[in-house]
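Q: Please take a close look at one part of this model for me. I would like to follow the charged pairs first, and then the helix and sheet around them.

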Amino acid sequence: MGWSSHARLRVCLGMVIALLAGASAAETGVSQTEVLLGQSAPFSGPAAEVGRDFLVGAQTYFSELNARGGVHGRRVRLLSLDDRYEPERTLANTQQLVWRDRVFALFGFSGTPTLLAAMPAIKESGIPVFAPLSGAAVFREPFNRQIFHVRASYAQETNFLLRQLQGTGRRKVAVFYQNDELGKSMLDTLRQRALSYGLTLVGSAAIERNSVDVQAAAEALLKMKPDVVILVVSYQPAAALISRMRGDGYLGGFSNYSFVGSVSLAARIRQGGAGIEITQVVPFPNKASLPIVYEYQKAVAHTPGAACNFVGLEGYIAARALTEGLRRAGRNLSRDGLIRALETITPENYDGGGFSLHFRRGNHNGSDFVDLTAIGSGGRFLN
């Protein structure tokens with residue numbers, strides 16, 4: 001039986017409506033062939049090497065993933081913008097990524113003051129944020145459903161570091177910190193916790209973010225005569241202070257947090273770096289003692305221009321874990337679906353290659369891994 005012109009018209013209209021409904025229901029940043037992620041991090045300026053190392057590690061994983069066909073047939077593309085570790089640029093980048101570039105999720109933002117500046121846009125948009133390079137409590141307490149962490153908190157790093165200092169007999173501690181939200185909060189944490197480990201905080205000195213003018217701070221710290229200086233800064237001011245104090249005859253110790261940028265710090269201090277300690281939130285990247293490290297080393301070996309380092313391994317682990325969330329979220333990908341899928345990842349059902357991740361509803365602090373490394377002769381790392 002032939003169809004009337006009216007029947008054919010109704011069918012055509014129905015198809016058009018269905019197609020339009022499907023298009024309107026499509027999630028932001030998701031197409032039939034691609035998932036678009038957004039990142040703001042320092043790729044120039046005094047903290048550039050940290051941003052670049054994380055990006056190279058993440059892209060190493062995503063490139064291999066895309067060569068295998070992606071996730072549910074979609075390639076993962078990461079759009080990365082430079083913020084020079086300047087909060088106002090991070091906010092502008094976030095606004096661009098969310099509302100102009102229309103990315104699906106944010107990934108690998110670097111730094112506490114920078115991410116803090118971006119939070120109004122993040123909260124307004126409801127966009128998920130995966131693996132920021134910050135262990136600050138402000139992003140963990142109170143719980144924020146949008147943010148997932150693959151690194152231990154700064155509180156966990158602090159406890160680990162102070163416990164190590166307690167065991168060495170070094171009792172007098174001074175703090176060199178950047179004068180912003182990160183530095184001040186870390187200084188407060190160290191003040192609160194030092195006594196419980198039998199340590200005395202003899203004083204502190206500050207430097208402005210992205211500055212390397214360390215003369216006044218070095219002079220002040222030398223007068224305090226600490227057994228060890230704890231640094232809450234990135235690699236350029238850290239290297240400048242250590243070199244200055246060593247040049248002025250200081251023989252005590254220096255301890256740094258993971259965000260300093262270990263390889264970049266060692267490269268700048270050269271022979272004067274022996275014995276400097278750094279907490280780490282990922283396994284040792286140059287020793288394949290865990291399957292995830294061996295996997296990372298193999299991937300780096302096939303990536304032109306890439307090199308194994310701590311921040312690169314963090315980027316690789318983060319990209320790998322996010323991909324697992326995308327896989328579990330299924331073909332009909334949505335932001336809420338990704339969040340719910342990530343919350344199912346536990347060591348019992350996700351093989352992290354020896355690096356355990358555990359997310360659940362109400363707690364997105366995926367890792368409590370903390371380790372300690374030291375710079376040896378020739379800038380090589382000891383674990």
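A: Glu 49 and Arg 268 form a salt bridge, and their closest N and O atoms are 2.6 Å apart. A salt bridge here is a side-chain nitrogen of Lys or Arg within 4 Å of a carboxyl oxygen of Asp or Glu. Side chains of opposite charge can pair when their charged atoms come close.

This is a predicted model: local features need pLDDT of at least 70, side-chain atom pairs count only at pLDDT 80 or more, and totals for chains, interfaces and linings use all residues. Residues are numbered from 1 along each chain as its sequence is written, and side-chain values use heavy atoms, with hydrogens and water left out.

The pair links distant parts of the chain: Glu 49 lies in helix 2, Arg 268 lies in helix 9 (residues 262–269), and 219 residues separate them. Helices (H or I, at least four residues) and strands (E, at least two) are DSSP runs, numbered from the N terminus. Glu 49 is partly exposed, at 22% relative accessible area. Arg 268 is partly exposed too, at 32%. Buried means under 20% relative accessible area, exposed means over 50%, and partly exposed lies in between (1.4 Å probe, protein chains only).

The count of salt bridges comes to 15. Among them, Arg 84 meets Glu 86 at 3.6 Å, N to O. Arg 84 is partly exposed at 29%, and Glu 86 is partly exposed at 22%. Asp 101 and Arg 100 also meet in a salt bridge, at 3.8 Å, N to O. Arg 100 counts as exposed, at 61%. Arg 145, Asp 336 and Arg 340 are linked in a network of salt bridges.

The buried residues of helix 10 pack against helix 2 and helix 11 (310–329), where contact means heavy atoms within 4.5 Å. In helix 10 (residues 291–301), the buried residues are Ile 292, Val 293, Tyr 296, Ala 299 and Val 300. Seen down the axis of helix 10, they fall within an arc of 125°, so they line one face. That arc is taken from the directions from the helix axis to the C-beta atoms. The face turned away from the buried side carries the exposed residues Pro 291 and Ala 301.

Seven strands form an open sheet in the order 7-6-8-9-10-11-12, with mixed pairing. Strand 7 (200–207) and strand 12 (381–382) stand at the edges, each with a single partner strand, so one side of each is left without a neighbour in the sheet. Two strands pair if DSSP finds at least two bridges between them. Four bridges join strand 8 (residues 228–232) to strand 9 (residues 253–256), and these two run parallel.
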